[in-house]
Amino acid sequence: MSTRMALPSTFADKYKPDFGIDWVPHPPPDTLAKLSREELVRYADARRFADLRAEQNPVGSGWTLPMWRKVMESWDKYSIIVILGGIRSSKSMFASRLCVWAAANIPQAEVRAYHVNEDRSIEDQQRFIWDALPMGMRSLNTKKGMYHSIQYSQKNGFTDNVCILPPHPGAKRGGTIKFGNYRQYQQDAQVTEGFKSHVIWCDEELPPKMFETLIYRTIDYHGRLILTFTTLTGWTSLIQDILGKTRTIEKRYAPLANAHLPVIQESLSRSGLGIFYFWTEDNTFIDTQDFMDKVKLRPREEILARAYGIPTKSISGAFPAFDRDTNVIKESDLPWVKNPDYKVTRYMALDPAGSKNWFMLWLAVDEDGTWWVYREWPDYDDWAVPGNTIEGKPGPAQKGSKKGINDYVEIIKQLEGDEVIFERFIDPRLGAAEKQSLDGAVTIISDLDSLNMAFHPAPGVDIENGLQLITNKLSYDEQKPRSSINAPHLYIVDTCENLIFAMQEYTGKGGKNEATKDPIDCLRYIAVSNPEFLETTKPDLNNRTGVY
């Protein structure tokens, strides 16, 4: 083993946080009213004893909320833990206890804690860490020794911005918590270079480049990077990095939003990144009723951010009404998968290209006029990836290949099997562009037709019209409960990640260079072609209206 490698006993993933006592809510008044005087006295004494133990040892004996437990249970699953929370949702309290737990339980632990600036570090982060320490450490007769330093004041925080706990028996030094801030990084990016850490906690939203750097500071110790913040500025660059592509693991009903919202998600673009949402209404340590009364009449975007920690897309996106938790479904929830007798009419769209892969999309329309996007290609990698510009970044799936038209036709046939596709549409410009061959002028459309796969150019209408038709399908009254008559009419299967990402990211302002353009173009080709449900699935192109 290399002498530079950390000993296995110091790896953060060898230890799993499992601290505190599960929160027991106070019985409701009508239950207490039924207790005898003796029972009430016993309950009050037991509660006072539990609260006293929690105050004396917040980590070991403190109350633990259900969402805290979910994060702790996922410790060995995620190396990056993002806690997006509503205002006063206990995210900082929990993260501070995680830091104290790590410093106290991982031998010779190295813990870093960052906040916006030095004042916020002292007022918030360092105070939380101090409050999380057990009373025995806070009241040590000797605050500073050769192997420990727990010197703290309310005004100045920890002396020299460091807290060193007494070492484990046999350990050379105690667990260390060092404090820094984002302003230091902005003045000198080198402050985040060189060190290695078991746990890094960043409170409030940090600069994206700092986030990227800190990820690599935990590698030596198999460490954990923890982010806690409430985002009130919408879809920032950091949020885009974290939430650009996600999978929802768990969700539940949120009363203020009148919708089922995510509780746990996983990133699909960053390995080992888990997202946990702390809701203000779940913080039983405080009276949240006043907060709930203040926020309940605010705009939906503000409610989502302030109460549930959920950022919403900027209105600069072409489809602000698109919501992953509303418009994305599992393949098993497709109506014809649930019921084989469910009738739909199927359509397909193709966006050809010269130097990059072609993009293809399949959509079904039911009798109610609802669109179900059930397949895309390429489906093996990212078509576009998060970027900091309007155009975004092309993903690996866009890279050109040696595929010819015969290859694409074979892919289509294999994917469709015995499906009956009523109509197929193609980019009217490139699909009909002529090129010279030995047999004269040919087009992509004519080449496809010669292989018994008929495509028709999508109507030559402007882009805005197509985008509006898609938006119409997303529209419903979000202030009323969803029902059969109040619901969106566009759903996308969760395996169509490239279209889903495009629906979140596409702005229409990046022109032909916008990385998410092709999936949207395919959906737009179908939209402007007036897709309808027809009793027959046999193509009768001569009698169709609104196609050309």
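Lys296 forms a salt bridge with Asp293 in this predicted model, the closest N and O atoms being 3.8 Å apart, where a salt bridge is taken as a side-chain nitrogen of Lys or Arg within 4 Å of a carboxyl oxygen of Asp or Glu. Lys296 is partly exposed at a relative accessible area of 45%, and Asp293 is partly exposed as well, at 37%; buried stands for under 20% relative accessible area, exposed for over 50%, and partly exposed for what lies in between, with a 1.4 Å probe and protein chains only. Because the model is predicted, local features need pLDDT of at least 70 and side-chain atom pairs count only at pLDDT 80 or more, whereas totals for chains, interfaces and linings use all residues. Residues are numbered from 1 along each chain as its sequence is written, and side-chain values use heavy atoms, with hydrogens and water left out.

By the salt-bridge rule the count comes to 29, and the table sets out some of these pairs.

| Pair | Closest N and O atoms |
|---|---|
| Lys296 and Asp293 | 3.8 Å |
| Arg346 and Glu419 | 3.7 Å |
| Lys517 and Asp521 | 2.5 Å |

Arg346 is buried, with a relative accessible area of 15%, while Glu419 is partly exposed at 22%. Lys517 and Asp521, by contrast, both lie in helix α20, four residues apart, which is about one turn of the helix; Asp521 is buried, with a relative accessible area of 1%. Salt bridges that share partners also join Asp18, Asp22 and Arg69 into one network.

Helix α20 (residues 517-527) also packs against helix α19 (residues 497-505), at an angle of about 95° and with the axes 8 Å apart. Axes here are lines fitted to C-alpha atoms, for helices over the stretch in contact, and angles run from 0 to 180 degrees between N-to-C directions. The two helices, α19 and α20, are therefore roughly perpendicular, a term that covers angles of 65 to 115 degrees. Asn498, Leu499, Ala502 and Met503 of α19 make the contact with Pro519, Ile520 and Leu523 of α20, contact meaning heavy atoms within 4.5 Å.

An open sheet of seven strands runs in the order β14-β24-β17-β16-β15-β20-β23, with mixed pairing, and two strands pair if DSSP finds at least two bridges between them. Its edge strands, β14 (328-329) and β23 (456-457), each pair on one side only. Within the sheet, strand β17 (residues 371-377) and strand β24 (residues 490-493) run parallel and are joined by three bridges; Val373 has Ile492 of β24 as its bridge partner. Helix α15 (residues 405-416) lies across β15, β16, β17 and β20, running at about 35° to β16.

Elsewhere, eight of the nine residues of strand β12 (residues 259-267) are buried, so this strand is largely enclosed by the rest of the structure. Strand β11 (residues 246-254) pairs with β12 in the antiparallel sense over eight bridges, and Arg247 has Glu266 of β12 as its bridge partner. The hairpin of β11 and β12 has four residues between the strands, with Asn258 in the turn at a positive phi of about 50°. Strand β13 (residues 273-278) pairs with β12 in the antiparallel sense over three bridges, and the bridge partner of Ile264 in β13 is Phe276. In the hairpin of β12 and β13, with five residues between the strands, Gly272 takes a positive phi near 75°.

How values were computed: Parallel < 35°, antiparallel > 145°, perpendicular 65-115°, else oblique.
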